[in-house]
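Q: Could you walk me through this one, starting with the sheets and then going on to the interface?

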Amino acid sequence: MAASKPILYSYFRSSCSWRVRIALALKEIDYETKAVNLIKDGGQQHSKDYASFNPIEQVPTLIIDGHTLIQSLPIIEYIEETRPDLPKLLPKEPLKRATVRAIAEIVNSGIQPIQNSAVLQKIGDEGKIEWGNFWIDRGFGALEKMLSRTAGKYCVGDDITLADLCLVPQIYNAKRFKVDMSKFPVISRIGEELSGHEAFIAAHPSKQPDCPDDLK
Amino acid sequence: MFTIILKTFPPRRPTTMAASKPILYSYFRSSCSWRVRIALALKGIDYETKAVNLIKDGGQQHSKDYASFNPIEQVPTLIIDGHTLIQSLPIIEYIEETRPDLPKLLPKEPLKRATVRAIAEIVNSGIQPIQNSAVLQKIGDEGKIEWGNFWIDRGFGALEKMLSDTAGKYCVGDDITLADLCLVPQIYNAKRFKVDMSKFPVISRIGEELSGHEAFIAAHPSKQPDCPDDLK
């Protein structure tokens with residue numbers, strides 16, 4: 001039996017799904033997308049089927065090597081550990097790895113969860129934009145300071161790392177929440193640089209099979 | 001034990017100054033600080049605590065000094081090997097990578113590592129940030145308990161399902177891992193927010209088991225130098 005292609009359960013503009021899409025594209029891993037609409041039908045991530053293999057009822061889920069993996073950063077670390085060929089998504093040295101992971105976590109736990117769709121739903125329509133704007137602006141303030149020390153061409157030196165995979169989708173969200181990006185020149189420069197990279201282009205929401213026509 | 005350490009680490013360059021103890025900037029009941037305290041205790045790493053009071057003086061984590069080395073203005077920060085490390089999970093992964101002797105905080109196999117990390121992240125990004133002190137401040141006093149209760153209850157529902165598949169004596173099989181380091185502080189928070197823990201028997205059992213472990217005892221908020229007397 002031929003080994004089956006990995007399957008990624010993804011929503012076109014879920015930033016967590018996007019991070020994994022970039023990793024798969026960088027590692028040139030061909031995969032099938034199964035779209036999970038986070039809004040329709042009360043949120044398809046809450047369906048009995050989906051919840052049976054992703055108990056936190058979020059995207060992404062990656063089916064790979066016969067395993068069902070959840071949570072974007074552990075998924076990417078798994079991809080890196082099992083496909084260690086270039087490009088590497090994490091540096092070799094422990095201190096640099098800690099730096100890359102810290103930047104990734106500032107986004108992954110410091111910003112994104114506080115402005116994700118579930119939290120916004122609880123905040124309610126009226127307060128959404130202010131709420132999202134507040135937390136992204138705050139987190140980007142911290143990130144800008146950190147990147148001023150660590151960045152070369154990319155977040156950490158001159159190689160693309162897990163940090164960049166987390167940053168780019170968060171910039172997209174920042175724009176959705178009308179964050180004033182002129183306050184963050186280093187973040188903006190890195191985002192601009194990466195927007196021209198083929199893996200980042202392939203992973204972009206506008207290129208996803210479930211992207212609505214008016215957002216392509 | 002001493003022989004093993006000599007084999008694991010490269011010989012130290014002679015210096016005129018003794019290598020200084022790591023310094024952990026911590027708040028007694030910050031769950032992120034607590035995770036790192038457990039890791040340091042498990043690895044037998046002696047360290048100095050510098051207490052950062054998250055409430056006093058508008059929150060000491062916002063002081064110019066502290067912010068100069070922790071730009072996200074949160075605890076913990078760990079000064080170790082001459083480096084300044086932030087964010088609890090990267091700190092713990094650094095400790096594991098540079099001190100790979102037993103006990104291991106992550107398994108060897110990629111799938112098991114992904115499982116451990118996924119459980120850790122359900123807490124680290126799925127629950128804790130939504131109920132941390134900064135968010136609670138923005139929610140305001142009136143809505144705090146309901147807000148914290150909601151998100152922890154939701155996250156624990158997911159965790160309980162996952163742990164029903166993965167747990168042995170601990171979160172993943174029978175060895176303590178990064179997942180357990182994240183779980184225990186979150187249980188403490190769950191109780192603070194009056195979460196009904198009877199709904200989560202696997203989580204409760206693991207928490208009970210770990211509460212008797214010496215590293216978890218040493219790292220507990222009540223044992224910290226900045227724990228107020230009435231909470232000891």
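**Sheets and interface**

A: In chain B, four strands make up an open sheet in the order β2-β1-β3-β4, with mixed pairing; two strands count as paired if DSSP finds at least two bridges between them, and strands (E, at least two residues) and helices (H or I, at least four) are DSSP runs numbered from the N terminus. This is a predicted model, in which local features need pLDDT of at least 70 and side-chain atom pairs count only at pLDDT 80 or more, while totals for chains, interfaces and linings use all residues. Residues are numbered from 1 along each chain as its sequence is written, chains are lettered from A and ligands numbered from 1 in the order in which they are written, and side-chain values use heavy atoms, leaving out hydrogens and water.

Q: What lies across β3 and β4 of chain B?
A: Helix α4 (residues 88-98) of chain B does, running at about 130° to β4(B); axes are lines fitted to C-alpha atoms, for helices over the stretch in contact, and angles run from 0 to 180 degrees between N-to-C directions.

Q: Switching to the interface, how many residues of each chain are in contact?
A: 40 residues of chain A are in contact with 41 residues of chain B, contact being heavy atoms within 4.5 Å.

Q: What area is buried there?
A: About 3,700 Å² is buried between chain A and chain B, with carbon and sulfur atoms giving 68%; this is the accessible area (1.4 Å probe) that the two parts lose on being put together, summed over both.

Q: How many salt bridges are there between the chains?
A: The count between chain A and chain B is ten, a salt bridge being a side-chain nitrogen of Lys or Arg within 4 Å of a carboxyl oxygen of Asp or Glu. A:Lys145 forms a salt bridge with B:Glu73, where the closest N and O atoms are 3.7 Å apart.

Q: Which element gives the largest share of chain A's side?
A: That is α6(A), which contributes ten residues to the side of chain A that touches chain B.
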